[in-house]
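Here is my note on the model, as numbered points. Please read it beside the structure.

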Amino acid sequence: MAKLIKRLPMLPAERALKVISGRWKAVILYHLFDRPRRLSALQALMPGITQKVLIQQLREMEEHGLVRREIFAEIPSRVEDSATRLGLSLEPILLALCQWGQHHADELNEMDRLADCIIRPRQARDAHAV
């Protein structure tokens, strides 16, 4: 029997925001867009996150179908998290949010306070790999 997901809002936009809300979810997804990663690798990429919060965010995203956890039958055991197809479908949305954030900062003359946009279209990354 499938695990019951906490009741999500009925309004689609509110549902989407609820699923991706959280301080770290967009950043975690970004790091999983390229390839599966172990918990320790994710934590190394995000030094400001605690292990407890990282695990909590990953579990929530797994519950909502954005992340898949794979446990390998090895000694010692190895666990990797990866973005699902549903999770990967958020990439253009996160890119659009990043671009809007840049626009917002520009409009308020705060570009000097803004970090680089870390979300890059998959096509651009794939073209650089060739």
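Which residues of H2 are buried?

1. The buried residues of H2 are Lys25, Val27, Ile28, Leu29, Tyr30, His31, Leu32 and Phe33. Buried means under 20% relative accessible area, exposed over 50% and partly exposed in between, with a 1.4 Å probe and protein chains only. Helix H2 spans residues 25-34, and eight of its 10 residues are buried. Helices (H or I, at least four residues) and strands (E, at least two) are DSSP runs, numbered from the N terminus.

2. This is a predicted model, in which local features need pLDDT of at least 70 and side-chain atom pairs count only at pLDDT 80 or more, while totals for chains, interfaces and linings use all residues. Residues are numbered from 1 along each chain as its sequence is written, and side-chain values use heavy atoms, without hydrogens and water.

3. The protein chain has an average pLDDT (the predictor's confidence in each residue, from 0 to 100) of 85, and 85% of the residues score at least 70.

4. Strands S1 (residues 67-72) and S2 pair in the antiparallel sense over six bridges; pairing requires at least two DSSP bridges. They form a hairpin with five residues between them, and Arg69 stands opposite Asp81 in S2.
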